[in-house]
Amino acid sequence: MRATVLAALAIAAVVPLVTAGLGGGEFYLGFATRIVIFAIAATSLNLILGYGGLVSLGHAAFFGLAAYGVGILAAHGVDTAAIQWPVALAACAVFAAVTGLVVLRTSGIYFIMITLAFAQMLYFLFVSLRQYGGDDGLTIATRSRLGPIDLGEPVVLYYLSVLCLVGSLWFCHRLVASRFGMVIRGARTNTRRMAALGFPVFRYQLVAFVLAGVMCGVAGILQANLTQFVSPSYMAWARSGELIVMVVLGGMGTLFGPVLGAAALLILEEVLADWTVHWMLYLGPIIVLIVLFAKRGLIGLFDRRSPPPAGGHHG
Amino acid sequence: MLELLVSQALNGIQLGVLLFLMAAGLTLVLGIMNVVNLAHGSLYMVGAYLAAQMTAVTGSFLLALPMAVLATLVLGLVLEVATLRTLYQRDHLDQVLLTFGLILFFNEVVRVIWGPTALFVPVPEALDQELEFLDGEIIYPAYRLAIIAVGLAVAAFLFWLIARTRVGMLIRAGAANRDMVAALGVDIVRLNTLVFGLGAGLAGLAGVMAAPILAVESGMGDGILILTFVVIVIGGIGSIRGALVAAVLIGVVDTMGRSLLPMILRELVDRQLASAIGPAVASMLIYILMAVVLTLRPQGLFPARTG
Amino acid sequence: MAEPLLEVRSLRKRFGGLTATDDVSLRLHEGELLAIIGPNGAGKTTLIAQLQGELRPDSGAILLSGAEITHLSPPERAHRGVARSFQITSIFPDFTALENVAMAVQAHAGHSFRFFRPAASEPELVEPAAAALARVGLAQRAAVPAQALAHGEKRQLELAMALAAKPKVMLLDEPMAGMGRLESERMVALLDSLKRDVSILLIEHDMDAVFALADRIAVLVYGRIIATGSADQIRRDPAVREAYLGEGHG
């Protein structure tokens, strides 16, 4: 485990050197940053999906909401990170808490459909906000100002993203073994038993939902700074679907699975898109095959001892 | 003012009718098999594309309609047998992923076959006119009225099917308590295939009828799918009556909200503020409605399931 | 007579046309083991579910140490000292045996909004869990994932989870279901050793076990209690023999 972590960190550290050596280094470094950002988003989803068994089909809402937080404040001339980022994350926390109050009272198919519906509500909300670009999206003129750190420098943004990913993973790692994590994991396999033991499961799931939303918001903030652009498509339901694919493809309920999954899916998309404009024609069936035959995810290839995939969603 | 109110209400009902066609089949499948099917919107899209294609070939929309509906129904049956059926025993996450993959596939297939630009289907000639009511006070397109009529006719047929036939009784019982029906020796898998095919045909019908009033394009089924979910959640999984009431409710609230809410707000608050937040609030209206219904009645307005 | 620990007054529950619980009144005293027997479909599990809070009765009252708990949720009742084991084994299959029991301890060791310290490193969770495991004879199996345990061991684990909460009342729903002769005997010995420390309401089909363990027995038929008494009284009761023992026992 320790060796794997060190190796992964070493790889992450040298990526800018390698991409600098390639032609079009800017592109590859930007791509690497995108992978890291989506790895954070997938890790946050894994917290509630992989460990908590909550099949949220609206997780990209937090990604887009935080990105809009950065974009809208920037449009009003507020570009210091000290204000932008807390506001963006607070917006995610509030949205998660309010929608969580409704969705977490449901389970199964209802939960899936309602998380999807609330994300779509946010999507249409931003489509209707013409003053912030509506459907066309909002260009962010200036990146967040973070003291002496210049996020306009691609290498800096890359390393900041890696730092955030490491922080997210460390947080997850501690969380899932803690008392709180045990409650969340217990509720995944047996909600009924948890209630009989004396846990008011709803409260814990609500806090987990908020934590995951905020963590996904971190990814959204980074993405806004990477692309200097935000549009409703950031929170389109297909994005939420992709996040689920990343988690499952990598290995749900494992610490590093979502990171692998994010990298694998984005690289696969890039390769397919390079080869044909109709890349989704192939991606769709590939996802279907993953469901049918490779539920343990990529992480299963590396670690034969990792636990079998999570059982059904009991609710 | 009256004209606006009436025509917006009719537009709302017309959207509601399309939503009902989408929701009717899906809610039964959800109720009987407890299976999530995101690809239901793809069937709607395929129905619309087939209508465009067959109208172009035959030159007659009215001829294209039954052909397209039938073809979508068959496609639905193939889908059910080839993919979804393998997933009934699996968890919801697998169903989400599988049908998500199917959506990506179908959205791309139509681009490959019909190209990336939207297709337009002419309104059938006989219905391509405006009807006048109340001495010309209210003018409304005949085709949209025809959609409402067809939708209500289908609703009546479904109520008859569910309430008066043996198959309908099994469907009702299956939605209420699947295990009991299985224990009675009914082939629940075949029953579901039947319902799935029916649902696919209805989704196709919705797509066909929407084709002359909407742009037929890739991804057109995604938005209506989510609205359909809202309808099913509000109406209660497995309930046809709930689907009808909720579909019309959602259709009317959404349509009226978008046109009336900004106007009402303009009376109440500053004009500039109103034009800023009016559309925003209107776009969220149905989801807020859903949240309220769920808070008051977690199982929807007409819960079908008992066990 | 001392105030009963658990008292049930005129409990009623109907499902559509079926009366699952029909005017049931019960008293369970401190340190007592009350067995509820009855044919399948008599409404035994439905009764337990109402005592634990998973089902709400239509009318009637449930009192714990004189305080009404009829309208409390299952977690709230658990905190007041009501523990339940399930008829169909209900454990956390991915967790080890020790983790399963530690979950039960954790439920009663303050709130669980603690995000950083590994639960496995908290002695106040692990030590009582290990003790409960030892009590049911599973000390050697602590590190085994629960799904890998034998059926009888899972039933023991389930009991350890109920025990670890240090409950006042344990509601045990057929703890011996599906057990072999030897396993059953061990479970009887185990329950026998527990019953001084905790009051137990036991549902069981194994009549030998019931007659060996129960201080009193109540017979539930079609949602009604038709007789209550000592093992001898129940054996001799003609109504019971007709309704139940005549066909079920032998």
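This is a predicted model: local features need pLDDT of at least 70, side-chain atom pairs count only at pLDDT 80 or more; totals for chains, interfaces and linings use all residues.
For the complex, the predictor reports an ipTM of 0.90 and a pTM of 0.91. Within chain C, the average pLDDT is 90, and 97% of the residues score at least 70. Confidence in chain C is highest in helix 3 (residues 97-106), at 96. The lowest confidence in that chain falls in helix 9 (residues 238-248), where the mean is 68.

With regard to assembly, two pairs of chains touch, and of these the pair formed by chains A and B has the most contacts. Chain B and chain C, by contrast, do not touch. The nearest C-alpha atoms of chains B and C lie 10 Å apart.

Chain C contains an open sheet of four strands, in which the order is 2-1-4-5 and the pairing is antiparallel. The edges of this sheet are formed by strand 2 (18-28) and strand 5 (67-68) of chain C; each has a single partner strand, so one side of each is left without a neighbour in the sheet. Strand 1 (residues 6-15) and strand 4 (residues 59-64) of chain C run antiparallel and are joined by five bridges. At the level of individual residues, C:Arg9 has C:Ala61, in strand 4 of chain C, as its bridge partner.

Note on methods:
Residues are numbered from 1 along each chain as its sequence is written. Chains are lettered from A and ligands numbered from 1 in the order in which they are written. Side-chain values use heavy atoms; hydrogens and water are left out. Two strands pair if DSSP finds at least two bridges between them. Helices (H or I, at least four residues) and strands (E, at least two) are DSSP runs, numbered from the N terminus. pLDDT is the predictor's confidence in each residue, from 0 to 100. Contact means heavy atoms within 4.5 Å.
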